[in-house]
Amino acid sequence: MSGKERIEVFPSRMAQTIMKARLKGAQTGRNLLKKKSDALTLRFRQILKKIIETKTLMGEVMREAAFSLAEAKFTAGDFSTTVIQNVNKAQVKVRAKRDNVAGVVLPVFEHYHEGGDSYELTGLARGGEQLAKLKRNYAKAVELLVELASLQTSFVTLDEAIKITNRRVNAIEHVIIPRIERTLSYIITELDEREREEFYRLKKIQEKKKQSKERREKEQEGQRLKYDNAPANLLEDEKDEDLLFD
């Protein structure tokens with residue numbers, strides 16, 4: 001097993017405990033990232049469905065607004081010069097907010113009106129109804145454009161976040177976890193081999209001790225027999241018993 005297929009560690013009980021904790025952490029991280037990916041995918045599909053609906057509605061609203069513009073020009077004449085002269089600041093503005101989906105921050109745009117209507121007297125002489133209809137249609141078109149911009153931005157942000165999350169899940173599932181598992185298997189194999197070697201060593205030591213003990217006992221038995229069968233030494237001083245004469 002090469003070093004690239006496992007983590008380089010010294011096989012020990014402590015290393016085994018650490019690898020088990022790392023494996024559990026990796027599995028927990030993978031499960032959490034999968035849940036995050038599922039949540040992002042669900043929101044992604046909801047936004048995609050809403051984008052399709054908004055674009056379809058946008059086409060109808062823009063077609064109606066263009067038709068209203070043609071009606072207003074036909075009825076009231078060319079009023080573009082009057083509109084341009086009365087413009088001093090924007091009445092419709094856009095502000096950004098934030099939405100959090102499973103830790104991913106999504107920008108949300110919303111429009112709001114500021115100030116009064118500068119064109120309320122435009123078309124007072126003629127074509128007032130057509131101009132009011134034109135303003136309503138284009139106001140709706142602007143509202144849909146802001147909503148569509150918010151949806152498209154969230155769509156792109158979510159798409160990138162889902163790709164990154166899925167790459168992390170795949171890296172943990174197919175690279176990190178198998179590597180830790182191979183390292184754990186290596187540690188367990190080495191520890192088992194070490195235990196077998198230790199058992200064999202202890203067994204050999206016991207055999208050696210047993211053989212040494214038997215050899216000493218034989219030597220002692222031989223010496224004892226040799227001493228018992230040895231002839232008496234006449235030169236040794238022996239104490240005779242005292243004789244008593246009456």
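This is a guided tour of a predicted model, stop by stop.

Local features are given at pLDDT of at least 70 and side-chain atom pairs at pLDDT 80 or more, while totals for chains, interfaces and linings use all residues of this predicted model. Residues are numbered from 1 along each chain as its sequence is written, and side-chain values use heavy atoms, with hydrogens and water left out.

**Whole chain**

Start with the chain in cartoon view. The secondary structure consists of 3 helices and 2 strands, in the order α-α-β-β-α from the N terminus. Helices (H or I, at least four residues) and strands (E, at least two) are DSSP runs, numbered from the N terminus.

Switch to a surface. The accessible surface is about 18800 Å², and carbon and sulfur atoms hold 54% of that surface. The areas come from the Shrake-Rupley method with a 1.4 Å probe; for residues, only the protein chains shown count as cover. Of the 246 residues, 22% are buried. Buried means under 20% relative accessible area, exposed over 50%, and partly exposed in between (1.4 Å probe, protein chains only).

For contacts (heavy atoms within 4.5 Å), take those in the chain with a separation of 6 or more: 79% of them join residues 24 or more positions apart.

**Stop 1: Phe 44 and Phe 155**

Phe 44 belongs to helix H1 (residues 13-76) and Phe 155 to helix H3 (residues 128-228), so that the pair links parts of the chain 111 residues apart. Is Phe 44 buried or exposed? Phe 44 counts as buried, because its relative accessibility is 16%.

**Stop 2: Asn 137**

Stay in helix H3 and select Asn 137. This residue is buried, with a relative accessible area of 16%. Leaving aside residues up to four places away in sequence, Asn 137 touches Val 61, Glu 64, Ala 65 and Ser 68.

**Stop 3: Arg 6 and Tyr 186**

Show Arg 6 together with Tyr 186. Arg 6 lies over the face of Tyr 186, 3.8 Å from the ring centre. A charge sits over a ring if NZ of Lys or CZ of Arg is within 6 Å of the ring centre and within 35 degrees of the ring normal.

**Stop 4: salt bridges**

How many salt bridges does a search of the whole structure find? The search finds 11, each a side-chain nitrogen of Lys or Arg within 4 Å of a carboxyl oxygen of Asp or Glu.

Select these pairs in turn:

- Asp 159 and Lys 163 meet at 3.6 Å, N to O; both lie in helix H3, 4 residues apart, about one turn of the helix. Asp 159 is partly exposed at 27% relative accessibility, and Lys 163 is partly exposed at 41%.
- Arg 201 and Glu 198 have their closest N and O atoms 2.5 Å apart; both are in helix H3, 3 residues apart. Arg 201 is partly exposed at 41%, as is Glu 198 at 37%.
- Lys 204 and Glu 207 have their closest N and O atoms 3.7 Å apart; both are in helix H3, 3 residues apart. Lys 204 is partly exposed at 35%, and Glu 207 at 33%.

Finish with Arg 95, Lys 97 and Glu 110, which are linked in a network of salt bridges.
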